[in-house]
Structures are given as C-alpha cells and as structure tokens.
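Here is a short report on a model with several chains. Keep the sequence and the structure in view as you read.

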Amino acid sequence: MTGLLVIPPLTALVLLALWGRPRLQAAVSLAGMIALLGAAAHLLLEVAPGGILVWAVGGWPAPLGIVLVADRLAAALVAVSTLVGVACVLAARSPHDDPARHPAWHPLVHLLMWGVCGAFCTGDLFNLFVWFEVMLMSSFTLIALGGGRERLEGAVKYVAMNLVSSVLFLCGCGILYGVCGTLNMADLARIISAADTPPAVQAAGGCLLAAFLLKSAAFPLFAWLPASYHTAAPATVALFSALLTKVGIYAVLRLTVTIMPLSGTLLQPTLLWVALATMAVGVLGAATQMELKRILSFHIISQVGYMLLSIAIGGATALAAAVFYLIHHILVKSNLFLIVGLAAAHGGAEDVRRLGGLRRFPLLYAGFLISAASLAGIPPLSGFFAKLATVRAAAEAGQWVAVAVALAVGFLTLYSMVKIHREAFAKEAPAAPVPLAGAGWATTAVLVLATGTVLIGLGAGPLWRWSLAVGNELAARTPYIDAVLKATP
Amino acid sequence: MGFAIAVVLLPLLAALFAVPSARLSERLAIILAACALAGSAACALALAPAALSVPVEVLLPWAAPLGPDLALRADALGVILATLVGGVGACVVVYIGGYQRGEPGLGRLLATLLSFAAAMQLLALADDLWLVFVAWELTSVCSYLLVLHTRTREALKAGTTALLVTGLGGLLLLAGLLLVQQATGVTRLSELGAARDVLLASPLCTAALVCVVIGCATKSALFPFHFWLPGAMAAPTPVSAYLHAATMVKAGIFLLARVHPGFGGTALWEGLVGGLGALTILAACCRLPLADDLKQLLAWSTVLALGTLAVLLSLDGAEAALAVVVLLIAHAAYKGTLFLTVGSIDHGTGTRSLARLGYLRRAMPWTALAGLLGASSMMGLPPFAGFVAKEQIKLAGGGWLASGSLLLSAVALVAVAWWVGIRPFWRRRADPDLHPHESGPAIIVPTLVLAVLGLGLGLGGAWLMSPLATRAAADLAGQAVDGGLPTLPTAWAKAGVAALILALGLTVAWQRERLAVACGYLPRDLCQRAWEAGLHGLVALGRACVHVTQHGDLRGYLAVTMLVGAGLAAPGLAGLDWTLAAEPVPLWMWPLCALLTVGAAVAAFARTRLAAVAGLGAVGYGMAMIFLALGAPDLALTQVLVETLVVVLLVLAFRHLPELRAAARPERRRWLHAAVAVIVGIAATGLVLAAQQQQLAPNLGNRLIAAAWERGLGANAVNVILVDIRALDTFGEITVLLLAAIGVAALVVPGAEPRIAIARSPILAAASRLILPLATLLALFWWWRGHHQPGGGFAAGLCLGAAIVLIAAARGGGAARRTLRASPLAWAGGGLALAWLAGMIGLVAGGGFLFPHWLGPLGSPMLFDLGVFVLVVGIVVMSVERLLEAEEGEA
Amino acid sequence: MSVLLAVLTGLLVAAGTWLVLQRLLLHLVLGIGLLGHAANLLIFAAGGVSESPAFAPGGTPLPGAADPLPQALVLTAIVIGFGATAFLLALAWRAFRTLGDDDLPGWSGSEPPLENDHSEPQP
C-alpha cells in the first residue's frame, strides 16, 4: 500500500522537473504508471484471498489518526484503475491528443491517479474528502487544458458544480463528527449501528449522499458531466470516464453499506428511484445525441444508474453485482472513449453523420466491436455478465420494476451503439478517412483494454464467485469494522 | 461428448481461419468453410442414435452460478436443427463461392457466416437457460453484420431494424428466462418439463410466458414483429437463404418448442402463440400478392411458414408436435432451394422482378429444375418432404381458427411456390431486354443438392425422418407419438383435401393481379410504422429529458444541487426533537454577528464589484474573529492571511471585467432564487443544530490533545494533528495547492503583447524592500514555534507569500520572481518534495511512510511543515504574479 | 451560542446560494467563497465550541480546551478553499478572456440546443 502512496507524487514531481521536455516526460510518465500498476497488482494479490489490510498512517491508531484500508473491493478497483491509467498514458503518446502535449498533462494525471488510489483505500471520511479534492483539482485543470470556448464553458460548469458538492461533503463530514465524535469509517459504522441510525446521522448521511451522487453523476445531479466531458481530450476523458464517477459510486457504496446501512430509512427507496431515473434519463439523453463523445457521456450516466441500483437493492448478491459492474465499466468505458478519440481523429469529425468507413481500420474496428457489444450487454463479453448480475440481483429482491427498467435501458444502449457502428464504421464515408500517423500507441491501448473485457467475459465464473465473496464481506460489514478497529487497539 | 463439442467448435475454428485463408486463396477458404459446416452436420448426425435413447450431455464449467455453464444436450430436436444448420450451411458456402467470387470482403463474409453457424449450433444444443440466451444474442449480432455486408442504404437500415427488433426480443427473452428461473429455480431447459407444475403455480408464470413468447416472436418474425424479415432481404441472397429461411428465423420456433413442455397446453399459451401465428399468416397473406421482387415473395412466404409453425405449436397433441418438426425440416429444404434458385436467377439475369422474368427454362435449365423441385415440395406435392409436412398438418386438428389459418397458409404457399419456382421459368412472356445465362456449377450444384434433399426426405420420409422426428415430437408434446409419419399409401386416401388446396392455390396464383389490386387497398406496414413511431417517441422523450435536465444554464444545475442536498438531509432533520434550550450569548458575539450579516448582505446585493468583494472579505475577517474568540487562534491567523490574499486575487482577476449590472438585467426568477436560498439556509441551520442535539459518542478532543503531547511532542494540538497525526490529510491538501498552482500556470498565460509600463509608487517600492526581511523572519518564527504555539507552516507560507505579493504589486512580477530566485512552480514543487522526503524518513527509518522521527527539537514533522511553508509561498506568488502579469500584458 | 452559530451558518449558506444563482461570473466566485465559509463555520460549530484553545502547555490541556480535530479540519478546508479559489479565479479569468462575456446564462455553447430534425439519420 505504501507504493500507492509514494509513487505517484514522486513521479509527478519528476515530471514537473521535466517541464517542457515532452519525450522524457512521456517516458517517465509511462514508467511511473507501470510502477504504480505493479504496486496495485501486488496489493491485489495480497488481499485477493480474503484479507483486509489495515495501515495506520504514521503509527497513529484508528480513531485518532488516519488509517488506510485495503479490502478486496478497494484493491481490485485500484488495480483496474491503474491499468486504465497505463492505457491512457500510452494512448496519450499518439499525436491526435493535443492537450496531452501540454507539459502539465502528465504530472496532473499522476496526481489524479494518486487521488483515486487514496480515495479507494482510505478508511477515514475526512481523508476521503481530501483525496476527492486532489482528484478534482487535477481534473479541473486537465479538463480545461488547451482552452477554447466550449472547453472553458464546460470547465466552469464542471468546477462550479463539483465545488458545491465539496461543500456538501464538508458539511456532512462536520455534522457526522459532531454527532459521532469520530471520522474513522469503521468507528462511525460501529457507533451508528449501535444507535440504529439516528435522525441526525441520517441528515448528515443525506448531505454526504447528495455530494457523492453528484460526483457519481446521478440523476438529477449529473448535468456537469455532459456539459464538460465531451470537450476534453481523448486520453483525458477516457481517464475521467473510467475513474471519477466510479470514485463517487465507491463513496456511495462505502457510505450506504459500510458506514450507515440505509434499510429502514427513507433514503433507501430514494436511492432506488434515483438509480432508475439515472439509468433512464442517461440513456434517453444518449439517444438524442449525434456526436461520439456526447453519446458516450450520456451513457456513463445510465451505467452509473446500474451500479447505484445494485447498491440501493443491497444484500450480498446485489453488492457483488455492483462490484462486478464497476470493474467491467471502468475498462469498457475508458476504452470506448479512447476508440472514439481515434475514430474522430481518423475521420476528421465528431458528428457520426459526417463519419464513415472506419471499418477499414481493422484493429480499431475490432476494439470498437468488442467494447460496444460489451457496453450493450451482448454475451459473452463483460457487459453481459455485469447486466445479468444486476438484473438477477434485482429479480431476487423482487424488484421487477427495476428489472424492466434495466432491460429497457439495455435496449436503448444497443440503439446507441448500433447508431455509432452503423454511422461511423459500417457506412461508406462521405470523405475517405485518413489514417493517422502514430496512432499505434492509442490502438495498442485500445487492444489492451479490449482484451481485458474479453477476459472478464471468459473468466466470468471465477470473477463472479470472487465478487460474491466481496459482496458477502461488504454486506456483513463486521469483517471491515473488526479488521480496522482490531488492527489498531 | 466429443461430437457435441465438435458440432459447435468446427464452425468456430473455421471462422477464425476464414480471413487468413481467403487472403491466400478464395477457393481454399470456401473449401475450408464448407468442410467445417459439413463436418459439423456429420457430427450432429453422429449424435442422432444417442438422441433416440439417452441424449449426449456435456457440462463444462463457465460462469455459474451467475450465468451460463457450457451445458449441451443433444436431444432429437437439437440434432435435427444442428444437422440442418450444418448441412444447409455447407451448401450455402459452396454457393457463395460461385455467387460472390472475387468480391472484396469474402473472407469477412465467411468468417461472420461461420460465427453465425457456430452460434446457431450452440443454440441448437444449449441446455443451460443462460447459454441459450448467449447463443440467441450472438445469432442476432452475426445476422446484423451479415445483413450490413453490402453496405447499401437499405442494408444499413434493414440491418439496424433487424438487430433492434431481435435485440428487444432478446431482452424480453432474458426477462422471461429470469422469471422462469425465479419461479422454478431451474437452470436447464431439459428440466423445465419436470418443473411444469411449480412453474404454472407460480405468480410469475404469466409474465414469464408472455416475455418468452414475445421474445421468440421477434426472432421468428411473428406478428407484430414480422416486418423486419422482408427488410433483411437486403442481405446477399445466399445469406438470406441461410439465415432468413433455413436457420435463424427458426430459432424462435425452436425455442418455443423447447419451452413447450413447461408452458404448452395452457390457455394463455394457446391463445398467445396461436393468435400471433394466425395474425402472422394473415399479415403475410395480405402482402404476398403485392410483392414483385422474388426475394420479397420468399421472405413473406417465410413469414407465412413461421406463422404456420406457431399455430401448430399452439395446438395440443402429438400430431401437431410432429407436424412442427416435419415442417421445420421440410421448410428449411425447400425454402433454401428456392432462395438459391432466386439467387441464381438474379445472377443470370440481373433482376428479380416477377413482372420482367419469364421463359428462363431454355437459358437456365438446371436452375429451372431446382425451382421445379423446390416449388413442388413447397406446394406439398407428393412425394416431396413438403407433402409429408402438409399431410401431417392436416392431422394436427385444432379449432376453427387454427384450421382456417392453416388452410389459408397452405393455399398461399402453393401460390408462392408457383410464382417463384414455376412462373419465371415456364411463363411465355418475358422482358426482351433480359439476357439470361445459366449459372456456374458452384451455384447450381448446392441448389440442386438441397432440392434433391427435399425429394429424398419425402420419398424416404418414413424411415429417414421418422425416428428422429417422432422422438423430437414426443419430447415436445410430452407424450409418445403413435403411427409415425404419414406414408404415401395412407396419404393418398385423403388426397381430396390436398387436391382442393392445390386447386385453390393455383387459382390464387393465376389471379395474382386482381388480388394485388384488392390487397393494395389494405393498410400496409402498420407494424413497421408503429415501431418507427415508437423509436421516434423514445428519442422525443429523450429530447424532453435533455431539455429539462441539461438546459445549459449553470444556475439551474446549482439550484437543483443545493435543493437535493437540503432534500436528502430533510427526512433526518424532520426526525429530530426541535425544542431548543435558550443559551446565554456573550456580548462580543453580537458585533461579529452584525459584521457577518452585513458582509454577506453586501456581497449578495452590492451594485459594484469592489463592494461585493469587500463584503466577502468582511465575512472572512468576521470568521477569523469568531475563530479567535472561540479558542482557535491557528484558524484565525490562517483565515486572516487567506482572506487578505483572496481579496487581492479577486480584485486582480476581476478588475477588467465589466462592472456588475444586476440592475440592468431584471431577473425574472429572483423570487424563486430567494426561495431556494432560504430553504437551503434553513436546512444548513438545521444541520448544525442536529449535530448539537444528538451526540452518540464523546469526541476525540482530549484524547487528541493528550496524544499530541505524549507522542507528537507538541503542545499545539491543532498543529500536531496537521503535521503528524493527520499528516496524510495535509499532504493531500498541499497537493491540492500544488495542483492549483499548476492550474494557474496552465490557464493564465501572459499575453504576447508588449507590456506597457505602469506607473508605480516609489514609496511602496521602498517599503516592499523593507518588508521582505521582516516577513521572512516572522514566517520562520511562526514555522518554528508552530508545534507549540499558534503558527505553523501555513501561516508562515502565507505571510512570506503576502510579502512577495507586495513586492510584485510595487515593482512588478519580475521583481517577485527575482526575489524568489526560482519560478513559483518550482517552489510549489519543491515544497511537495520536502513533504514527501519528510514522509520518506519514516519509511526508511522505520514505521512506514509519514511515521514521525525526532532528533531533539528537530523532527520529520518539522521538515514536513517546512514543505508546507515553501509550497504555500509558491502557490501564493504563482497566482498573484500570473494574474498581475497577464493583465499587464493584456493592457 | 451554538444556536446563534447555527443561524449564522444558515445565513451564510443562504447568501452563498443566492449568489451562485445570480447571472455573473463574479457572483459565482463570491457565492462559492461564501459557501466555503459557511461550511467551515458549520464544521466548527457542529464540533462543539469552547473559548479556550486546544493547547496543552507542559502536557496538561487547558481547562475546557476545545476539540482540536474540527479546527484541524477547518484549517485544511480553508487551505483547500484557498487553492480552489485561486484556481477558480484563473479559470474565470481565462474563460472571460476567451468568451468575452461574464454572463453565465449565455454560456451554453458546450451544450447547444438539440437540432430540430429527427435525430435518427437515414443512412
């Protein structure tokens, strides 16, 4: 776990020192990201059999100091995120990614990754806020890099909404400390479950939930996402799509599952309906869009709905579905953004109606077919299993409305993916697409992530059993609480 | 077991090799593909003996308990379908070799076709519920790619429609399977019959039945989803022959047959399946006379046949079951033949128009023979397979609706057979512009093979088809089939009905033009239009959603955010006890309250920029005083410095913006905004009171102060928390500052225009020289004593930063940079590096990253705090200098 | 006392909310600044207040010493808020330079209204 904490700032500092030397920067950045991936993989291997690693930073015991906790969920998310990080840094070497040429891009990306790793691993609520801020502040600059009208407009909306959500987060944090006298998540969980989630805690939880739902881009707080994502550069938005909303969802999960179970409160049905609305509105929005990145941006929202749905349903199976979905979605979504970045660069347009003939790039085409089919839930790819897990969990909970909505949303997802396929890839181009020199890096990244998608599909059985174990651990709550509180007497 | 796997695996392997082998040689690719499919069919036949007694089962683990295991079961029906898929596939592939010789993308076409065949074989043998779905979706996707192969406008549109319709059906099927699984706990199709009673007793049964049936209806082009099939004729003809006649469209019927043991015989099943089948027949009959394109005719006749199959499936009893199986086989043979015939006509004449074609038997004798054989089978003439099917259908019985629709379909089939298989060859008239020529052997041979197969199946029906078909029918009906298939002698006895059908059919065929006029009055394409309207409706709904949620005005977004925050907190707040105790308020509090209130009001309602900024500043200073009064001197110090810098930055950043003009633009929604503000404000008040009302556990205060002294070696607990106990928070926080510095550096780029000298105050310049050493001293002092007294790295950095800001203001940004001797970004980065190194001391010396180590009064937390100090100087100077210089540059 | 702080917090939140709902860029920045102040005050007030600082000169805490943790949190929040404000100002400056306007409702170029023709193109 130390590696996760130490490597990214070091890489970022070295990259800052290399300001203005793009080749060296790119090389160091890739090396740093691979080192981070190694650290993440090591952590995952360490906890994968079922342990919970707890590390009291600076040797300060749990309720006093900050603990970092790596259970299987956190370790898996960190590993997948860093894999995406490697892919994005790789893809950024392709010349179509203009803002990635900016000397600030690489350091910012590493600090973003640092924030993400920290957010996944922290066991302290306020520390989570700090990681959120690290992540957000890097993303603020990343999204605005390069300037331009649309980008800056989008960035202002993105920044403003996220700052307001940070305020909500702070308020929730403060109230919770005032009520419970601790910030440690496990300690909070212990105190709150002993008192049966009293109203003041619910109020603070509502505040925090609003903040996290905004970061996850849930209905009706998602407006920042379609306003800004499509303006960012391909590698940037691929990274964002994979990580930012997922950290929000992870926070929702930790809040509503580990810290304060919602069952019995008004917040649970609220979360369920929010999830359904998120799924539906996101996918309907996507149906109206014609530009590649806009379509995909709206799809992030609808996919977020799926994950929130599982969290809202609760219980081991549903949480396992959420875990499975998170892992699948991180890989597929970022890959799709990398692909459409390349597609737009080859075809010279963002609007699908002005694109065409991209099937002539066989590797890109293969990557697209795999990722799009996976997103649309076509078996035997990862998306199918993720969706199946979600609807089965909903069915087991007797939430047939949720099943119906999930399937209907699946249909519209198919509609959007077919739209992109037919327009950008299958139909003859209005103007022949021009092969882009140096696209090999980005294509490699695409293929790496696509392979991940296929492997998840092929290994769905073991992965699901593993997710189920994680789900059981999350739903039981006590393993996490005990591990943290016992590790630090 | 090996055979069952080979059935699926052979086409899949061949698919992998199709593209590379086509690069080498087209012929090789064709031979490879045909052999793979023929081999697949042979393997399927090899499973037949076992299928008659104990079906071969295969179970390979995959994704249970979530999804499918590779559970295959080669029962009679599965073997029949698999044989058809392999056999017809081999013929079609050979045909493609002749039909599309030399076309680009042949390898891709073959690869997709073979993948499709593999998916189809998987569907035929799949026993796991989820595996069925996997195969089902894969056939849809492969079919989509095959239809798109020609890339014409029509192909793109038709392929999309086909995929969306079948995709919707797939999701319904998934819902249906989920319901079945929930209702019974069964995950194997073969166990469905045994679980029938549980299923029918479950409240989920109706929904499950409806979902499964509708799902199957989309795939098999049953009403109201029949419209996609004629559209999909945009695919290359051999592909249509394979997918849209012989195999894929049968998948729905096949699956209905598979779930028949579970659902069959219920009133809902009979009504739904039979009703959809009858409506399909009717819809097809209304369209048939209007079609001029031979392929369209065949497509509509396929719809007709599928409707017939559905009607038969709805009927009870072994005879009906046997009729389903036999018609499934016969239809694949004769419809495949006729499609290939039409392809040959198209190839030889360049048209498929019924009106233009005629008298082809001279130029295309072999094609004519194939057409004749196919048509005869389709008409149900003895001794063809179609005849057996038709005879069996007559035995099926059923109510007047079923009988009537079956009769109608039989008559229509005769007519279509005439139009497609006889008329183009034997008609006297023809378009003189046509110059027909016979197709090559690669086209003729597979066509004839299929045609002869139809004849052979009929001739030897009793012993060739009977065992497998009767076994399949018995599985399907859940009861033994007695008597077997009708043979020639028994059937001749009932020739009366057959003759009647034949006569009626030929009359219909003869009266084509009149029927066309009559059918022309009927409304057409209703279902297709409804489907398109549905999609349009969804998009319109999406537009409405976007209009409401994504309107582009940030203020709306923020209002919603604030309201959601208040709203989610509201239920908890409502649960609290709101009787407040009156508390004494110290006197000094009142002026502070007044300061905050006035400051906030000024910020909110000021008419000038400067006043608004001053309002914010007043609030900040007020806060600092509250902190000071309430035992938080560190906070007060930091707040004062921060607020000063923020005010400076605000003035710098906004000095060139237009003046506030709220009054110039009357805001329509100001009352709404005011209401939102009040609601959110009340919620915030409630939150604070909630925290004070309910306390579940004592806070950490005293433990922290004690720990800070004992382990942290500091009297100032706040500082010890910042640099030691929660140093990770601080590490993150200074990273945020570094990030902000990078952001400022990236965003505020000084303009390229030449600077204009700004008149500067010499007094200020002189004073700034004096201030720097003083500020440095003060800063170092604060840093040093921070561990025990108010102060610390933040305050120190802000203090030195402020001094350098003063230099910048007095002597320009360049002077500030010279004072720092490095770029502010380097300072910021260096600060983070120092903090990182302080953390690494712990890692190297033991205890882990950020573990404190002390050497007398010096300790790693002090170094950490020094990093904070340096970094804060960097960010302060960076932001001020950039905003100052950029403006100067712009001026 | 604590009720008074609660009311003050509500007041600041209301003023901040009002400001972020105004048209101009400066209002947005000021509003977010006020909301930040409000959040700090909220943490401070919710953590319980005391008039003596959280010091332990010589190892003995001052009698009735305040809880140092909310203070540390607020300090962190103040500094993060400063960073955010500095960045927001830089962004606002750049956005204003690029867009030439500080009227927020007019900033909808990144989300143009949907086209009127049906979005399903005929291939």
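## Chain B against chain C

The contact between these two chains takes 95 residues from chain B and 84 residues from chain C. Two residues are in contact if their C-beta atoms, placed from the backbone, lie within 7 Å. On the chain B side, helix 30 (residues 670-693) gives the largest share, 15 residues. By class, that side of chain B has 64 nonpolar, 19 polar and 12 charged residues. Here Ala, Val, Leu, Ile, Met, Phe, Trp, Tyr, Cys and Pro count as nonpolar, Asp, Glu, Lys and Arg as charged, and the others, Gly among them, as polar.

The model is predicted: local features need pLDDT of at least 70, side-chain atom pairs count only at pLDDT 80 or more, and totals for chains, interfaces and linings use all residues. Residues are numbered from 1 along each chain as its sequence is written, while chains are lettered from A and ligands numbered from 1 in the order in which they are written.

## A chain C residue facing chain B

C:Ala72 lies in helix 3 (residues 68-99) of chain C. Helices (H or I, at least four residues) and strands (E, at least two) are DSSP runs, numbered from the N terminus. Leaving aside neighbours within four places in sequence, C:Ala72 is in contact with B:Val718, B:Ile721, B:Leu722 and B:Arg726.

Is C:Ala72 buried or exposed? C:Ala72 counts as buried because it has 27 C-beta neighbours inside 10 Å. The cut-offs are 20 or more other C-beta atoms within 10 Å for buried, 12 or fewer for exposed, and partly exposed in between, with C-beta atoms placed from the backbone. C:Ala72 and C:Trp107 are 35 residues apart in sequence, and their C-alpha atoms are 38 Å apart in space.

## Chain B against chain A

Chain B also touches chain A. In this contact, 92 residues of chain B meet 97 residues of chain A. Helix 33 (residues 727-747) of chain B supplies the largest share of the chain B side, 14 residues. That side has 61 nonpolar, 23 polar and eight charged residues.

## Chain B as a whole

Chain B has 38 helices and four strands. Its C-alpha atoms fill a box of roughly 120 × 65 × 60 Å along the principal axes. A compact globule of 891 residues would have a radius of gyration near 29 Å, but chain B has 42 Å. This radius is taken over C-alpha atoms, and the globule rule is 2.2 Å times the number of residues to the power 0.38.

Buried residues make up 61% of the 891 residues in chain B. Of the chain B contacts with a separation of 6 or more, 79% are between residues 24 or more positions apart.

## Chain A as a whole

Chain A comes to 19 helices and two strands. The C-alpha atoms of chain A fill a box of roughly 65 × 55 × 40 Å along the principal axes.

Buried residues make up 76% of the 489 residues in chain A. Among its contacts between residues at least 6 apart in sequence, 80% join residues at least 24 apart.

## Helices of chain A

The axes of helix 12 (residues 292-313) and helix 13 (residues 316-347) of chain A come within 9 Å and cross at roughly 175°. The axes are lines fitted to C-alpha atoms, for helices over the stretch in contact, and angles run from 0 to 180 degrees between N-to-C directions. Helix 12 and helix 13 of chain A are therefore roughly antiparallel to each other. Angles over 145 degrees count as roughly antiparallel, under 35 as roughly parallel, 65 to 115 as roughly perpendicular and the rest as oblique.

Helix 15 (residues 382-396) of chain A is largely enclosed by the rest of the structure, because 14 of its 15 residues are buried.

## Backbone exceptions

Most residues other than glycine have a negative phi, and most peptide bonds are trans. The peptide bond from A:Phe219 to A:Pro220 is cis, with omega near -5°. A:Pro220 sits in the loop between helix 8 (199-216) and helix 9 (224-228) of chain A. A:Ala217 lies in the loop between helix 8 and helix 9 of chain A, and has a positive phi of about 65°.
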